[in-house]
Amino acid sequence: MKAVQQDIDERTNLTSTNKFELLLFRLGTDSALGKSELFGINVFKIREIVAMPSITPIAGTTAHSLGVVNLRGQVIPVLDLPSIVGCKPQTGLNIMLVTEYARTTQAFAVESVEDIVRLDWKQVLSAETSGAAGKLVTSIARLDGNTDESRLAQVLDVEAILQMVSPSDGHEVTEEKVGAKLVLKPGTIILAADDSFVARSLIEQELKVLKAPYEMVKSGKEAWDRLNAIAKSAEAEGKSVLDRVAMVLTDLEMPEMDGFTLTRNIKQDARFHGLPVVIHSSLSGSANEDHVRSVGADGYVAKFVAEDLAETIRRVLPKP
């Protein structure tokens, strides 16, 4: 029991070191090259891994839905992940990954589970900036470090997958949902960071409806670099960062630098004293919310509820 608790503690404490654990799995051969590639999902999203149970098909569901399972008293939808990404299992759908995403539970059928690897976010590159952009992949993980021989794994964009499978999920952003426009200090922006194309699109929709000036970047490192550039420019004009940035809105899972590290960097730097940080993440659950508090974030919002995000932004914004 002590060893199990130590393992849990170590996994939980990864958030303080810009590290995370990636569950690696295979989906079968891809349609383009006929090869079986490695895919990954953050372990914090995985609730359970089970051998494929009996699935009850549901009439009239989407093309990628296998049906539902009754697991420990909960009815959970099961999605055919190989079908979604264009792969064909060679040995069948043998494993079910039960995931928790933005306070919802769903399962993904996969061919096989390979391993759990512990990585530094610096080993993960944005799919867009590395030229490997795909609609369902946020980043590429270099499993063996920054070497030419390193194995690569595609980190799947769960937000994009669920949006593709269920496009009409109530995520539309309207003024009725989010309220009147935000009032920011003149000359300031909201700096937002997220590596998911779908998440960035939804955030941009909301900020536009709120008529809030913003800049959008794709990782914690980009946000940190941008903040430092803004601080340098403001100092040269005899001003502070708070004259340029009203708040930072950040995801948690991002290549190169995660949202925990970004938030901690901001809160520990005197130049950014008083700059509000809101974490907007699909990593829900009490453990992650405790970490959010531990790094000093001013707010936490689970993706994607437009009303909750608008309410939290209003609460933390400095009065102009």
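**Notes on the fold**

1. V68 stands opposite P77 in β5. The two strands concerned, β4 and β5, are paired antiparallel over six bridges. As the model is a predicted one, the points below describe computed geometry.

2. β4 and β5 belong to an open sheet of five strands, ordered β3-β7-β8-β5-β4, with mixed pairing. At its edges lie β3 (46-51) and β4 (65-71), each of which pairs on one side only. From one strand to the next, the twist averages 30°.

3. Helix α3 packs on this sheet, where it touches β5, β7 and β8. The direction of α3 makes about 90° with that of β8.

4. How many of the eight residues of helix α3 are buried? Six are, so the helix (residues 158-165) is largely enclosed by the rest of the structure. The buried positions are V158, E159, A160, I161, L162 and V165. Their packing partners comprise β5 (74-80), α2 (81-85), β7 (95-101), β8 (104-110), β12 (152-156) and α5 (197-209).

5. The N-terminal end of α3 is capped by D157, which has a side-chain oxygen 3.1 Å from the backbone nitrogen of A160.

6. β12, one of the elements against which the buried residues of α3 pack, has its own strand pairings. With β2 (residues 36-42), β12 pairs in the parallel sense over two bridges, and Q154 in β12 is the bridge partner of F39. With β11 (residues 137-142), β12 runs antiparallel and is joined by five bridges; here V137 stands opposite L156.

7. The largest nonpolar core has 51 residues, and F25, L81 and I190 are those with the most contacts inside it. Leaving aside neighbours within four places in sequence, L81 is in contact with F25, L27, F108, A109, V110, L156 and I161.

8. Of its 320 residues, 51% count as buried. Among contacts with a separation of 6 or more, 62% are between residues 24 or more positions apart. The accessible surface of the chain comes to about 14900 Å², and 52% of that belongs to carbon and sulfur atoms.

Methods:
Residues are numbered from 1 along each chain as its sequence is written. This is a predicted model: local features need pLDDT of at least 70, side-chain atom pairs count only at pLDDT 80 or more; totals for chains, interfaces and linings use all residues. Side-chain values use heavy atoms; hydrogens and water are left out. Buried means under 20% relative accessible area, exposed over 50%, partly exposed in between (1.4 Å probe, protein chains only). Helices (H or I, at least four residues) and strands (E, at least two) are DSSP runs, numbered from the N terminus. Contact means heavy atoms within 4.5 Å. A polar contact is a pair of N or O atoms within 3.5 Å; within protein, one must be able to donate a hydrogen and the other to accept it, and residues adjacent in sequence count only if both atoms are side-chain atoms. Two strands pair if DSSP finds at least two bridges between them. Accessible areas come from the Shrake-Rupley method with a 1.4 Å probe; for residues, only the protein chains shown count as cover. A nonpolar core is a set of buried Ala, Val, Leu, Ile, Met, Phe, Trp, Tyr and Cys residues joined through side-chain atoms within 4.5 Å. Axes are lines fitted to C-alpha atoms, for helices over the stretch in contact, and angles run from 0 to 180 degrees between N-to-C directions.
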